[in-house]
Amino acid sequence: MPKTKQDAAMEGQPAEKQETVAALQQENKEQAAVIYLGPAIAGVVVPGAVYRNGIPQQLKKAVEECPALNRLLVQTPKAQQARKDLRDPQSAASICYQNVLEYAKKKGAKA
């Protein structure tokens with residue numbers, strides 16, 4: 001596999017520093033801002049909500065109950081493409097939206 005600029009820069013660095021840098025890079029990926037592009041779910045999330053440091057606990061629980069929610073939590077730079085995908089009724093994003101909509105109706109009925 002070809003080396004990236006980061007790999008080349010890390011050559012010759014102590015192993016401890018390499019591990020620390022790798023951990024920080026992974027942390028940054030995990031904490032990338034995400035926007036929710038699905039329907040409102042009572043007491044859980046509203047459309048357009050942006051999360052910069054992870055998602056709240058009640059949304060994590062909802063994702064466990066309805067995994068289609070993951071498809072509607074999109075990194076902000078990819079939001080425009082995801083919105084285009086939602087307009088296509090045959091796309092995976094659109095199908096997930098419909099699944100989440102059904103989940104939201106069930107959640108609303110419980111309350």
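Start by selecting S91 and D88: a polar atom of the S91 side chain lies 3.0 Å from the backbone oxygen of D88.

The model is predicted: local features need pLDDT of at least 70, side-chain atom pairs count only at pLDDT 80 or more, and totals for chains, interfaces and linings use all residues. Residues are numbered from 1 along each chain as its sequence is written, and side-chain values use heavy atoms, with hydrogens and water left out.

Stay on S91 and show the helices. S91 sits in the loop between α5 (79-87) and α6 (92-110). Helices (H or I, at least four residues) and strands (E, at least two) are DSSP runs, numbered from the N terminus. S91 counts as buried because its relative accessibility is 11%; buried means under 20% relative accessible area, exposed over 50%, partly exposed in between (1.4 Å probe, protein chains only). Now select D85 and L86. Both are in contact (heavy atoms within 4.5 Å) with S91, leaving aside its neighbours within four places in sequence.

Next, select the cysteines C66 and C96. With a disulfide defined as a pair of cysteine sulfur atoms within 2.5 Å, the count comes to zero. For C66 the nearest cysteine sulfur is that of C96, 8.1 Å away, and C66 is in no disulfide. C96 is likewise in no disulfide. C66 is buried, at 8% relative accessibility, and C96 is buried too, with a relative accessible area of 16%.

Move to the sheet. Three strands form an open sheet in the order β2-β1-β3, with antiparallel pairing. Select β2 (50-51) and β3 (73-75): these stand at the edges, each with a single partner strand, so one side of each has no neighbour in the sheet. Two strands pair if DSSP finds at least two bridges between them. Strand β1 (residues 34-36) pairs with β3 in the antiparallel sense over three bridges.

Finally, colour by pLDDT, the predictor's confidence in each residue, from 0 to 100. The protein chain has a mean pLDDT of 81, and 69% of its residues reach 70 or more. Select residues 21-28, where the pLDDT is below 50; beyond near neighbours in sequence, this stretch has two contacts in the model.

Notes. Polar contact = N/O pair within 3.5 Å; in protein donor to acceptor, adjacent residues only side chain to side chain.
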